[in-house]
Amino acid sequence: MTVTLKYFGSLVDITQKKEEFFLVEESKISLSFLKSKMEAAYEELKNANYNIAVNQSMCSLDYTIKDQDVIAFLPPFAGG
């Protein structure tokens, strides 16, 4: 299955990408597993503070990723 990974804010600086496609060879993986994979690929993510949204909704790390999901890595943000 293929998922789209999107990075925002300071996470673009870490990954040097705004978006990438990620091929998942396993049939069932959790968001936690994907997070670990991305932190292995981009070491600086381990020290970054960020949240993860799937298909524009915040999800827990035990969410099971589905084919064609859009996964956004979001740095902390504030607004008013």
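A salt bridge is counted here where a side-chain nitrogen of Lys or Arg lies within 4 Å of a carboxyl oxygen of Asp or Glu. In this predicted model, Glu43 and Lys46 form such a pair, with 3.8 Å between their closest N and O atoms. Glu43 is exposed, its relative accessible area being 53%, whereas Lys46, with a value of 48%, is partly exposed. The cut-off for an exposed residue is over 50% relative accessible area, with partly exposed residues falling between that class and the buried one.

The structure holds 4 salt bridges in total, and another of them joins Lys6 to Glu19, whose closest N and O atoms are 3.7 Å apart. Because Lys6 belongs to strand E1, which covers residues 2–7, and Glu19 belongs to strand E2, which covers residues 19–23, this pair ties together parts that are 13 residues apart in sequence. Lys6 is partly exposed, with 28% relative accessible area, and Glu19 is likewise classed as partly exposed, at 39%.

A further salt bridge is found where the side chains of Lys17 and Glu20 meet, the distance from N to O being 3.3 Å. In this pair Glu20 counts as buried, since its relative accessibility is 15% and the buried class takes in values under 20%, while Lys17 is partly exposed, with a relative accessible area of 32%.

Terms used: Residues numbered from 1 in each chain as written. Predicted model: local features only at pLDDT ≥ 70, side-chain atom pairs only at ≥ 80, totals over all residues. Heavy atoms only, no water. Helix = DSSP H or I, 4+ residues; strand = E, 2+ residues; numbered from the N terminus. Buried < 20%, exposed > 50% of the residue type's maximum accessible area, 1.4 Å probe, protein only.
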